[in-house]
Amino acid sequence: GWVAHEGNWFHRQLALLPGLFPMPSSANYLLLRGNDSLLELRERVARRGVLLRDCRSFEGLGENWLRIGLQDRGGNRRILRALRQELR
């Protein structure tokens, strides 16, 4: 289905970003782990209009994690573009 197809594509693209590690997912969202806190990155991409959820409220996760809701290809490309720009 759509979630598997788009999720797999999005996972592969996120895995190319430096210092970010997407977890395998069959849901309509992906968890992204960083080596360090991702809170500042989350704030910087938010200023570009891309809202990602931090995971401090999730048991067992913390500020090194972000939750990214799966969107259509255009939306996912916009998320990737903002992350790439802020990771430079």
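Pro18, Gly19, Leu20, Gly34, Asn35, Asp36, Ser37, Leu38, Glu40, Leu41, Arg44 and Leu87 line the largest pocket of this predicted model. Let's start there, then visit the sheet, a helix and a salt bridge. Residues are numbered from 1 along each chain as its sequence is written. Because the model is predicted, local features need pLDDT of at least 70 and side-chain atom pairs count only at pLDDT 80 or more, while totals for chains, interfaces and linings use all residues; side-chain values use heavy atoms, with hydrogens and water left out.

**The largest pocket**

- On a 1 Å grid over the protein atoms alone, a cavity is a set of points where a 1.4 Å probe fits but cannot get out, whereas a pocket is an open set with protein on both sides within 12 Å along at least five of seven lines; lining residues have an atom within 4 Å of a point.
- The largest pocket holds about 150 Å³ of space, a volume being the space filled by probe spheres set on the grid points, which are joined across faces, edges and corners.
- Its lining has five nonpolar, four polar and three charged residues (Ala, Val, Leu, Ile, Met, Phe, Trp, Tyr, Cys and Pro count as nonpolar, Asp, Glu, Lys and Arg as charged, and the others, Gly among them, as polar).
- Helix α2 (residues 39–46) gives the most to this lining, with three residues. Helices (H or I, at least four residues) and strands (E, at least two) are DSSP runs, numbered from the N terminus.

**The sheet**

- Four strands form an open sheet in the order β1-β2-β4-β3, with antiparallel pairing (two strands pair if DSSP finds at least two bridges between them).
- β1 (20–22) and β3 (53–54) stand at the edges with a single partner strand each, so one side of each has no neighbour in the sheet.
- Strand β2 (residues 29–34) is joined to strand β4 (residues 65–69) by five bridges; Leu31 stands opposite Arg67, and Tyr29 has Gly69 as its bridge partner.
- Two bridges join β3 to β4, and Asp54 is partnered with Leu66 in β4.

**A salt bridge between helices**

- The whole structure has six salt bridges (a side-chain nitrogen of Lys or Arg within 4 Å of a carboxyl oxygen of Asp or Glu).
- Arg73 forms a salt bridge with Glu6, their closest N and O atoms being 2.9 Å apart. Arg73 lies in helix α3 (residues 73–87) and Glu6 in helix α1, so the pair ties together parts that are 67 residues apart in sequence.
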